[in-house]
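Me: I have a structure to go through today. Can you walk me through it?

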Amino acid sequence: RQSDVPREYRANFLHLYLDIGWFGILSGSAINFLAVYAARLGASALQIGLIGAASAVVSLLIAIPSGRWVENRNTGLAVFWSSVFYRLGYALWIPLPWLFGAQGQIVALIVITFLMAIPLTPLGVGFNALFAEAVPSEYRAHVAGIRNIVLSVAFIASSLISGAILESVAFPTGYQIVFGIGFFGAAMSSLHLFYVRPLKKDRAPLRPDLSADSASQADSPRGLSSSLRLDVLRGPFGKIVVVMLFFHLAHYIATPIYPLYN
């Protein structure tokens, strides 16, 4: 119960709930209908796949450098500014119909999505660290559970509302409205991230497995290799990683097809 949570933690918890609620609105509106909009413009399955794959490609390339960048900065500010630069990209979706034809918009969406993925990577890395620093370990399951509930409710509500807007407003204006709703949700989510404050007594390093000596070696090829922790793949966890690799491959390989047929 919220009344059982110590007063000094309540502000962080509230802002984490509001952050994910506004993110749910973003997810149910702009993110949810981006591929559908691209399909309406005449995008091919390959082009829709490029829009979806941009974030994963960039994350694969810069995840470890992003972790180092976050590690050497104030976690809260790093997460906030990463979210700001990432979510500014949603505002760029809104004027595209006024600036380009159908194929020009598709190319612009691919480029913008790719550029947005650059600040998204440190945001993803940093938020995990910020959550650990801002929520005491005994409350993390409680906070994560409520965040999941809030996300689901916000996603469902914003998806239904966005669908109703798209049914009643002419193309492409309806999508511009939906993208505007998403950008507003993104901005409000970033605002609440700004007010999440790490708790000093619960502050944990981003990579607790690395000592000060080993962290200083991270710039060398050997240090980079050790930071990847490839040794965990030799145990039972390696089998889980392989299974999850094929699961996600099978799960996502059909993703670009759905908007075309729907």
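Me: Which residues have the most contacts inside the largest nonpolar core?
Reply: F13, Y90, W93, L109 and V135 do, in a core of 43 residues. A nonpolar core is a set of buried Ala, Val, Leu, Ile, Met, Phe, Trp, Tyr and Cys residues joined through side-chain atoms within 4.5 Å. Buried means under 20% relative accessible area, exposed over 50%, partly exposed in between (1.4 Å probe, protein chains only).

Me: Which elements each supply at least two residues of this core?
Reply: α1 (7-41), α2 (45-71), α3 (75-93), α5, α6 (140-168) and α7 (173-194). Helices here are DSSP runs (H or I, at least four residues), numbered from the N terminus.

Me: Where do these values come from?
Reply: This is a predicted model, where local features need pLDDT of at least 70, side-chain atom pairs count only at pLDDT 80 or more, and totals for chains, interfaces and linings use all residues. Residues are numbered from 1 along each chain as its sequence is written, and side-chain values use heavy atoms, without hydrogens and water.

Me: Back to F13. What does F13 touch?
Reply: V5, A134, V135, P136, Y139 and V143, not counting residues up to four places away in sequence. Contact means heavy atoms within 4.5 Å.

Me: New topic. Is F100 buried or partly exposed?
Reply: Partly exposed, because its relative accessibility is 40%. F100 sits in the loop between α4 (96-99) and α5 (102-134).

Me: And which residues is F100 in contact with?
Reply: Q105 and A108, leaving aside neighbours within four places in sequence.
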